[in-house]
Amino acid sequence: MSDHHNLHGFETRAIHAGNTADPLTGAVVPPIYQVSTYKQDGVGGLRGGYEYSRSANPTRTALEENLAALEGGRRGLAFASGLAAEDCLLRTLLEPGDHVVIPNDAYGGTFRLFAKVVSRWGVEWSVANTSDPASVRAALTPKTKVIWVETPSNPLLGITDIAAVAEIARGAGARLVVDNTFASPYLQQPIALGADIVVHSLTKYMGGHSDVVGGALIAADAAVGEELAYHQNAMGAVAGPFDAWLVLRGIKTLPVRMDRHSENATRVAEMLTRHPKVTQVLYPGLPDHPGHETAAKQMKHFGGMVSFRVTGGEEAAVEVCNRAKLFTLGESLGGVESLIEHPGRMTHASVAGSALEVPADLVRVSVGIEAGDDLLADLQQALG
């Protein structure tokens, strides 16, 4: 990470970190280096260290430098998807016989990776309520190497005290991994709170426009970053240059987008608390949310994700999703447009029957940056 960029405010880093003007033309936007290989000046004579675009590509390098600067890490790495980043991380840090503590509320794809893929490799895992430090301590074993946290969590919007769990991880000789996708580095800085590695689905708020798939790892320690980079090259699931360019473009407006996402989501959550067909609203910005004080301490704002439960059970929740018009029925989140989904049948179908199973009457919305009044009106008509 450039110490020069680290002296600047977040908004400045979002625009300028990694975004060096093209030395040939002066173009203020880094070019898309759509190239697989590079001319060498004699055997081993690499220009700028580039030899093959799986190993490194200038457009991806620009994004990786930007990610490290935004998260306050020593090394950023960009991948083809969030799950590709997670897979690389787990295979770098873990060996057969190691143990991981995972949260009782997490993205369904992350759970599937642990339960159906990594476990076949001999890695053990157990579930903890990461919002409760005592639950995390109780889940530790002598073989625990990683504590995995999502905060806010997906889809129940649980909040974990990152600093408290970081202290537990240090005491156990384990590394703390924080999935910062829901918050983004604009709202939350896990490394500053003690996390060892930050995970992102760049598909979500970082890209911000529902037009790219990507993932990222940011390491607090340079040596760990080098290990991750070695495995990234060896395993090969890297971000392509055009995808990296799209994420870089999205990040430039991340601060202003997140402000609007948070503003609109707060209005949506407050409206839902007053609706007679809503039995529970899950949003850390609400004063009665159990993690509200922790979120207020470690987040700039409360983000754009809101989940809620409705009267009438699963079928009623599905009907709310189907009746929405401005909120698009679809998976994913974090784009400028608002989305609505039924987690139990969509993004979290893979956790059915497990300790991470989500309520059947739950609806999750990714609140976009449209006019707030329009979003409120659409949810009101969808609820009926």
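**Core packing, sheet pairing and backbone geometry**

In the predicted model, Val306 touches Leu157, Ala265, Ala269, Leu272, Val281, Leu282, Tyr283, Val363, Arg364, Val365 and Val367, when residues up to four places away in sequence are not counted. Val306 belongs to the largest nonpolar core, which holds 63 residues. Within this core, Val306 is one of six residues that touch the most other members, the others being Leu63, Leu272, Phe308, Ile340 and Val365. Helix H11, spanning residues 254-273, supplies the largest share of the core, with seven residues. Another core lies apart from this one; it has 29 residues, among them Leu77, Phe79, Val123 and Val146.

The sheet was examined next. Five strands make up an open sheet with mixed pairing, and their order is E8-E9-E12-E11-E10. Strand E8 (278-282) and strand E10 (328-329) are the edge strands, each pairing on one side only. Strand E9 comprises residues 305-310 and pairs with E8 in the antiparallel sense over four bridges. In this pairing, Val278 has Val310 of E9 as its bridge partner. E9 also pairs with strand E12 (residues 362-366), again in the antiparallel sense, here over five bridges. Phe308 is bridged to Val363 in E12. Five of the six residues of E9 are buried, so this strand is largely enclosed by the rest of the structure. Side chains in a regular strand alternate between the two faces of the sheet.

Several backbone features fall in one loop. The loop between strand E4 (144-150) and helix H7 (162-172) contains Pro152, and the peptide bond joining Thr151 to Pro152 is cis, with omega about -10 degrees. Pro155 lies in the loop between E4 and H7 as well. The bond from Asn154 to Pro155 is likewise cis, with omega near 10 degrees. Leu157 is also found in the loop between E4 and H7. Phi of Leu157 is near 55 degrees, a positive value in a residue other than glycine. The relative accessibility of Leu157 is 1%, and the residue therefore counts as buried, the cut-off being under 20%. Leu157 is among the residues touched by Val306.

A positive phi is also found at Ser184, where the value is about 75 degrees although the residue is not a glycine. Ser184 is located in helix H8, which covers residues 184-187. Its relative accessible area is 1%, and Ser184 is buried.

Lys204 is placed in the loop between strand E6 (197-201) and strand E7 (215-219). Lys204 is buried but has no salt bridge. The nearest side chain of opposite charge is that of Asp179, at 8.2 Å, whereas a salt bridge requires a side-chain nitrogen of Lys or Arg within 4 Å of a carboxyl oxygen of Asp or Glu. A polar contact is made instead between the side chains of Lys204 and Ser201, at 2.8 Å. With neighbours within four places in sequence left aside, Lys204 is in contact with Thr181, Ser332, Leu333 and Gly334.

Terms used: Residues are numbered from 1 along each chain as its sequence is written. This is a predicted model: local features need pLDDT of at least 70, side-chain atom pairs count only at pLDDT 80 or more; totals for chains, interfaces and linings use all residues. Side-chain values use heavy atoms; hydrogens and water are left out. Helices (H or I, at least four residues) and strands (E, at least two) are DSSP runs, numbered from the N terminus. Buried means under 20% relative accessible area, exposed over 50%, partly exposed in between (1.4 Å probe, protein chains only). Lys and Arg count as positive and Asp and Glu as negative; His and the chain ends are not counted. A polar contact is a pair of N or O atoms within 3.5 Å; within protein, one must be able to donate a hydrogen and the other to accept it, and residues adjacent in sequence count only if both atoms are side-chain atoms. Contact means heavy atoms within 4.5 Å. A nonpolar core is a set of buried Ala, Val, Leu, Ile, Met, Phe, Trp, Tyr and Cys residues joined through side-chain atoms within 4.5 Å. Two strands pair if DSSP finds at least two bridges between them.
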